[in-house]
Amino acid sequence: MRPIACVLVPHWAYAVEAVRDPALRGRPVLIVKRDGTRPVVLDSSPAADVSPGMPLQTAYARGKNAVLVEARPSAYEDAWSAVLDALEQRSPVIEDAGQGCAYVDLTGLDGLHGGSARVARAVLDAVPRQYGASLGVGLGKFPAYVAAQSAGAGEARQVPNDTRGWLTFVSVDLLSVPWEVRDRLHQFGLHRLGDIAVRPLGPFQAQFGPDGALAWRLARGEDSRPVVPRTHETTITERAAFDEPTTALGTVLLVADVLLDRVYRHAELRGRAARAIDLNGDVLGAGLWRRRRTVGGPYGTRDTARAAVKSALDNLTLPGPLTGLAITLTGLVAAPGKQLSMFSDVRANEQLHEAVEQLSAHFGYPAPIYRIRELEPWSRIPERRYAMVPFGS
Amino acid sequence: MVTDTGTALRDGALRIVNAPAPIEVRTGADGKPQSVRIGRRWRRVSSITNRWRLGPDEWWTERPVDRWYFAVRLDDDRPLTVFRDQVTSLWYIQRA
């Protein structure tokens, strides 16, 4: 079996919020997500003693001193993605097991770092220290996970040679099987892994099917499940943050337009076309708002992308004011050839961009040159009709 | 994956075109502008060429719009458009 490390940050969303605001550390904190009309707990600090998914009313009743923090799902996703990228600098085989948990295949890294202890330290050091990640190393994902659970923040723990004996007193709640299975194990009076390991496989398989067989093997320290590497898709993302939350669709569309300009200037898109666009908005008090649009037409050009974005935003009722917007192009494919216009103004536009960049370099600050963009040209209120956007932003 | 540039487009980067600018206006008993302060000098309004009302609009929001616009000509023959915000009673200059 291959040596595997489990990197664990049990309360990921809370960890991200605690990095943003260190005053939250050590306090009971509820990260609240407004799911429809009913607010629920997305995550909590260890001191809060509530479960994810619990209605806020119930959770708040448990500890009235808890600090409420509005969830920022895209921030958690971005931060976790950055952690996975950093881990990939240590090992090419990384599995994303959900925010706060990743598996790292350590095969062959001993020689690179000079010993398993140094490998463990190198992997743990890849995660920014302030997240308080723990690390477990074992022959299999489950033993590594249990070891990481038992290690403190910033600590690494190796599973002992007698894996089965070591797991004897571990709770069945840590088994990576559906919660219904864990619940029924408790009903059968099987609370510890040792209670399962001493029994034959047959009854478990008969009672719970494949999940029962998996639970039985895991309880004996046998886990041959491979680390499934992340799949990488080339994506291009540009984002904008609003100083003031906005619900004005004209403004959102304008910012989306500017973001599309920036996205389509990426060198990675030369000779390629995007098949889909993801619009991600951070909604004040409602977490993440997300729309995916397939780019119509054969080319996936900026114009078709703009039409797709516009159709996504037209007649849209936002769940709340937007505090940020991100546009991501995915599904990049080779662009089919197309006839270029002899009198295209593309070159002129590029020359203009170059000129503005030269001016900016000359002045040492962005050249105060703007494009006029329509906001709500039909508006009766004059200042709502047009806005100036820095050229090249 | 392409690295995110991390450069956020701040909302402040958007500059509103034709935003109203505060201006000092002296009015008569009928509420119409009589003189306007341009820089340090007060200029007399020689004539009001047009007037119209915008609003009341969006009265259900925290920032309702209700304005009386006056297209005026100053004593130096300069044309100007000013409006009185009926909600705040403040005067602004703005191209209509």
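Select chain A, whose secondary structure comes to 14 helices and 14 strands; helices are DSSP runs of H or I with at least four residues and strands are runs of E with at least two, numbered from the N terminus. This is a predicted model, in which local features need pLDDT of at least 70 and side-chain atom pairs count only at pLDDT 80 or more, while totals for chains, interfaces and linings use all residues. Residues are numbered from 1 along each chain as its sequence is written, chains are lettered from A and ligands numbered from 1 in the order in which they are written, and side-chain values use heavy atoms, with hydrogens and water left out.

Stay with the whole of chain A and colour by burial: of its 393 residues, 44% are buried, where buried means under 20% relative accessible area, exposed means over 50% and partly exposed lies in between, with a 1.4 Å probe and protein chains only. The accessible surface of chain A comes to about 20000 Å², and 52% of that surface belongs to carbon and sulfur atoms; such areas come from the Shrake-Rupley method with a 1.4 Å probe, and for residues only the protein chains shown count as cover. Among contacts (heavy atoms within 4.5 Å) between residues of chain A at least 6 apart in sequence, 59% join residues at least 24 apart.

Next, select helix 5 of chain A, residues 116–125, where A:V119, A:A120, A:A122, A:V123 and A:L124 are buried. The elements that cover these buried residues include strand 1 (4–8), helix 3 (73–88) and strand 6 (101–105) of chain A, as well as helix 4 (109–113), strand 7 (134–138) and strand 8 (156–158) of chain A.

Now select residues 370–374 and 386–390 of chain A with residues 15–16 of chain B. Here 3 strands form an open antiparallel sheet in the order 13(A)-14(A)-2(B), and the edge strands, each pairing on one side only, are strand 13 of chain A and strand 2 of chain B. Two strands pair if DSSP finds at least two bridges between them; strand 13 and strand 14 of chain A are joined in the antiparallel sense by 5 bridges, and A:E374 has A:Y386 in strand 14 of chain A as its bridge partner. Helix 12 of chain A (249–263) lies across strand 13 and strand 14 of chain A, at about 135 degrees to strand 13 of chain A; the axes are lines fitted to C-alpha atoms, for helices over the stretch in contact, and angles run from 0 to 180 degrees between N-to-C directions.

Move back along chain A to the loop between helix 14 (346–363) and strand 13, where A:Y365 is found. A:Y365 is partly exposed, at a relative accessible area of 47%.

Finally, select chain B, where an open sheet of 7 strands has antiparallel pairing and the order 3-9-8-7-6-5-4; its edge strands are strand 3 (21–22) and strand 4 (25–27) of chain B, each pairing on one side only. Strand 7 of chain B (65–74) is mostly covered, with 8 of its 10 residues buried. It pairs antiparallel with strand 6 of chain B (41–57) over 9 bridges, and with strand 8 of chain B over 7 bridges. Centre on B:A71, which is the bridge partner of B:N50 and stands opposite B:T81 in strand 8 of chain B. In the hairpin of strand 7 and strand 8 of chain B, with 4 residues between the strands, B:D77 takes a positive phi near 70 degrees.
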